Amino acid sequence: MTTTQLRALVSRYVEERLDEWEEAIYAPEHLKERALSTCPEEEGGSQWQDIHAAFSQATIEDCEQALRSNDLSMISDIVQEFITKHGLNTTKGSPHYQTLARELLK
């Protein structure tokens, strides 16, 4: 598989995961939680938007650091899921595996 083909496959995979996340976020049980989060904390609110923003930023920073240090361990479970889902023939530590992991981190 070429790098271009791999990038296209990763892009589709990320889009699918984001769609799944968005569907889960708008599930009825999560809508109730977000409605409560608009209440002041003393009334049961959780400041959902602030918590979500902080989590997203931390995730971005963790991925950026992993890319800078070429530490692919934080994403190994996702890489393995990806390999299994798409039936790829690659082994951990191979150049193909490393390219895949870096593309997923991006």
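Which exposed residues does the face of α4 turned away from its buried side carry? They are D77 and T84, where exposed means over 50% relative accessible area, buried under 20% and partly exposed in between (1.4 Å probe, protein chains only). This is a predicted model, in which local features need pLDDT of at least 70, side-chain atom pairs count only at pLDDT 80 or more, and totals for chains, interfaces and linings use all residues. Residues are numbered from 1 along each chain as its sequence is written, and side-chain values use heavy atoms, with hydrogens and water left out.

**Overall fold**

- The chain has 5 helices and 0 strands; here helices (H or I, at least four residues) and strands (E, at least two) are DSSP runs, numbered from the N terminus.
- Along the sequence, this gives the pattern α-α-α-α-α.
- The chain has 106 residues, of which 26% count as buried.
- Of the contacts in the chain with a separation of 6 or more, 52% are between residues 24 or more positions apart, a contact being heavy atoms within 4.5 Å.

**The nonpolar core**

- The largest nonpolar core contains 18 residues, and V79, F82, L100, L104 and L105 have the most contacts inside it.
- Such a core is a set of buried Ala, Val, Leu, Ile, Met, Phe, Trp, Tyr and Cys residues joined through side-chain atoms within 4.5 Å.
- At least two residues of this core come from each of α1, α3 (48-69), α4 and α5 (95-105), and α5 gives the largest share, with 5 residues.
- Once neighbours within four places in sequence are set aside, L104 is in contact with V10, Y13, I75, I78, V79 and F82.
- In soluble globular proteins, nonpolar side chains tend to be buried together.

**Helix α4 and what follows**

- S76, V79, F82 and I83 are the buried residues to look for in α4.
- Viewed down the axis of α4, these buried residues fall within an arc of 120 degrees, so they line one face of the helix; the arc is taken from the directions from the helix axis to the C-beta atoms.
- Just after α4 comes G87, which takes a positive phi of about 60 degrees.

**The aromatic pair**

- There is 1 aromatic pair in the structure.
- Y13 and F82 form this pair in an edge-to-face arrangement, 5.0 Å centre to centre and with 80 degrees between the planes.
- Rings of Phe, Tyr and Trp (its six-membered ring) pair if their centres lie within 6.5 Å, with planes under 30 degrees apart counted as stacked, over 60 as edge-to-face and the rest as tilted.
- The pair links distant parts of the chain, with Y13 in α1 (residues 3-25) and F82 in α4 (residues 76-86), 69 residues apart.
- Y13 is buried at a relative accessible area of 4%, and F82 is buried at 0%.
- R17 places its charged end over the ring of Y13, 4.6 Å from the ring centre; this requires NZ of Lys or CZ of Arg within 6 Å of the ring centre and within 35 degrees of the ring normal.

- E103 lies in helix α5 and is buried, with a relative accessible area of 11%.
- The side chains of E103 and R7 are joined by a polar contact of 3.1 Å, that is, a pair of N or O atoms within 3.5 Å; within protein, one must be able to donate a hydrogen and the other to accept it, and residues adjacent in sequence count only if both atoms are side-chain atoms.
- Beyond residues up to four places away in sequence, E103 touches R7 and V10.
- A8 belongs to helix α1 and is partly exposed at 48% relative accessibility.
- Between A8 and E103 there are 10.0 Å in space, C-alpha to C-alpha, although they are 95 residues apart in sequence.
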